[in-house]
Amino acid sequence: TWVEEGSDLFRKLVALKGGIKSELEKNGLGDKFRFVDEKTYHITLYDLIWQGDGETKADVDKKIEGQGIVKKVTDAFKSTKTDLEPTFEIKGPAMFYGGGVLMLRAYPKTSEDLAALEELRGSLENKTGISFPFQFAAHMTLGYLVKGLTAEEYGKLARILSKYQNKYGELTAKKAELLYFNNLEDFRLEPGYRVY
């Protein structure tokens, strides 16, 4: 579910990214993060992750095809209600997944939206047999920590992020896509990368 470029939510997220980057630089933390290209902001509903450093696109394609992941994902969607279009409230930012991902949380807006997400995620996990290795949250990635932080630097980061705690808007999931990305800073599709 992509954030439409030029939308109110998009403008707020671009301003948020600029503010955080500026604050990080002022506090000597500018080189600690890499930020996602804002033109590719999206909500991640489910991560299919294989642990294995150095995997190439061809390696991952073989796993996807060899394990029938596309069919399993298709089956998972077929086993859920076809009219699910959950709306998420975008709030944050926060560090997540062991402190490595700077993200906004995508909170299901209503109990029906939460039930829709849980149904879909449960179906995906059951059909694919792949569960995310950490506690998962629907999210929108802003950037990644690329250099370790000291305790003092984490304190600075926490103070910076506390200035930006806000609700940034809402986004309704109208379409879900199974995508593979080799560059997590830029989610644009490259030639030869398939969308399922």
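Close-up 1. Pro93 lies in strand S2, residues 87-96, where strands (E, at least two residues) and helices (H or I, at least four) are DSSP runs numbered from the N terminus. Gly92 and Pro93 are joined by a cis peptide bond, with omega about 0 degrees. In general, most peptide bonds are trans. This is a predicted model, in which local features need pLDDT of at least 70 and side-chain atom pairs count only at pLDDT 80 or more, while totals for chains, interfaces and linings use all residues. Residues are numbered from 1 along each chain as its sequence is written, and side-chain values use heavy atoms, with hydrogens and water left out.

**Close-up 2. Lys91 and the ring of Tyr107.** The charged end of Lys91 sits over the Tyr107 ring, 5.2 Å from its centre; the criterion is NZ of Lys or CZ of Arg within 6 Å of the ring centre and within 35 degrees of the ring normal.

**Close-up 3. The aromatic pair of Phe33 and Phe35.** One aromatic pair is found in a search of the whole structure, namely Phe33 with Phe35, tilted, at 6.3 Å centre to centre and 40 degrees between the planes. Rings of Phe, Tyr and Trp (its six-membered ring) pair if their centres lie within 6.5 Å, and planes under 30 degrees apart count as stacked, over 60 as edge-to-face and the rest as tilted. Phe33 counts as buried because its relative accessibility is 5%, and Phe35 counts as buried at 13%, buried meaning under 20% relative accessible area, exposed over 50% and partly exposed in between (1.4 Å probe, protein chains only).
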